[in-house]
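Hi,

Here is the structure I promised to pass on. Have a look, and my notes follow below.

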Amino acid sequence: MSHQPDPRRWWALTALVLTSLAVGFDVTILNLALPSMAESLHADSAQLQWFVTVYTLVLAAGMIPAGALGDRFGRKRTLLLALVIFGVSSLAAAYAPSTGIFIAARAMLGLGAALIMPTMLALIPTMFTAKERPKAIGTLAGASMLAFPIGPLLGGWLLDHFWWGSVFLINIPVVVLAFLAVAACLSESQRERGRRIDVGGMVLSSAALTALTYGLIEIGERGWTDAAVLGPILAGMAALVLFVLWERRAGEPLVDFALFANARFTVGTALATLANFTMFGVLFALPQYFRANLGTDAMGSSLRLLPLIAGMLIGMTAAGRLSRMISPKLAVGLGFVLLSGGLFWGATTGTGSGTVWAAAWTAMYGLGLGCVLPTVMDAALGALSPGNAGVGAAVNQSIRTLGGSFGAAVLGSILTSAYRAAVPEEARESVFAGLAAARSAGSAASEDTVRSAFVHGLDLVLATSGGLGLLGLILALAWLPATPERPRPNTTPAQRVHVPNLE
């Protein structure tokens, strides 16, 4: 008997897109509100840092346990609970009367996001056929990227007209719509009844990811050699080793490491991590370039990210068709060629380069990124069975998140080191401090020196990222399977059985 896929699956994807937007808005919008919050809540610099950091730490700690809980108790149920947590925490953050309450609300927002992100990804391979999956992944990834320009634009308008808490109220209507859409359109996944929860694995994985993420975050403030950086990173690596040893001996492990024997999952995850590495570096450096060199405000910087987003959306729209026409291997290879080409083009930026120049190379970079991400994510997620999709998606998401954080830390360090080496002592704190000092002294020559130093650092960041894109091209051509996954006949996506693929 032939089974047809659920006809509501595209409506269900709309629910996931709304959910992704809610998370994306929260990630992109906080930095705009920090100056107002510092004044209203009487927050010092350390508390402001915790406003940002606590969300990331809870998110990192929670993703793998959250994936396991979705597999165990049902992904629809987990997603609905996550949306409630996210919505209530957004309200608490908006009306927080003190720094302590706001930090607690941000921690709960991180928990909600940790439950949301792997659960969303885990639903894709069980909802859609192999042919449909790249389109579904591209749609979801595109929604996440749209939050980068839309979030700051909305946030800037709200901060101009209302109080700082209004930026967190953006989440409420989106969460309510997402909750209703998930409840109406999403079918519950099959639960792994009787499976024991690997508490030891959860504790060790959470400890490892929290420590590693914290260490990477602190690099930007303290540098690579500070004890506050090396201590957490070394502790995280030790916890990761203990986690692997624990899982290899556990009767019912949280993560089945046989998953990494599948070429599609391992190579797809590695290539997605490389792409994330470059993306976090670009998104770290570009807004600073727009503001320092082109003199834009936050809204102007957001608008100048639109060519990157547009290129990415075009690439994502074409990725599935391109993969079927020339094979996933060549589609990803072409994507990395475009990605690297855009980055190397951007690495020739000078102080006289303007908005049109930036729009051209970022659009090319975005086009390549859009071709790469849906195809490599499809390779990774297509390797997951219905029973382990939650944990597998969480492992994929965790590795990509760490890769992005590492990218921001490494590329940020390259930018900072190149800048500081070329400017006088009084300008070394940041490019903005350097420009302020030069203007205070009335020295146009000093302003030119500061801008030149920063653009030189930006060019090094983009050239390094372009080199990583070439590494991705080599890995894709060498290791990515040449043929797309072929579903077994007469099965729906939810019924498909995972067969290890070692090609």
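A crossing is called left-handed if the near helix is turned anticlockwise from the far one by less than a right angle, and right-handed if clockwise. By that rule, α16 passes α17 in a left-handed crossing. On the α16 side the contact (heavy atoms within 4.5 Å) involves Val431, Gly434, Leu435, Ala438 and Arg439, and α17 supplies Ser446, Glu447, Val450, Arg451 and Phe454. By class, that makes five nonpolar, two polar and three charged residues.

A word on provenance: this is a predicted model, where local features need pLDDT of at least 70 and side-chain atom pairs count only at pLDDT 80 or more, while totals for chains, interfaces and linings use all residues. Residues are numbered from 1 along each chain as its sequence is written, and side-chain values use heavy atoms, with hydrogens and water left out.

Further along, Leu473 sits in helix α17 (residues 444-479); helices here are DSSP runs of H or I, at least four residues, numbered from the N terminus. Leu473 counts as buried because its relative accessibility is 18% (buried means under 20% relative accessible area, with a 1.4 Å probe and protein chains only). Leaving aside residues up to four places away in sequence, Leu473 touches Gly333, Phe336 and Val337. The C-alpha atoms of Leu473 and Val332 are 7.5 Å apart, although 141 residues separate the two along the chain.

Elsewhere, Leu16 touches Leu79, Met120, Leu123, Ile124, Met127 and Leu140, again not counting residues up to four places away in sequence.

Cheers

Definitions and conventions. Helices (H or I, at least four residues) and strands (E, at least two) are DSSP runs, numbered from the N terminus. Buried means under 20% relative accessible area, exposed over 50%, partly exposed in between (1.4 Å probe, protein chains only). Ala, Val, Leu, Ile, Met, Phe, Trp, Tyr, Cys and Pro count as nonpolar, Asp, Glu, Lys and Arg as charged, and the others, Gly among them, as polar.
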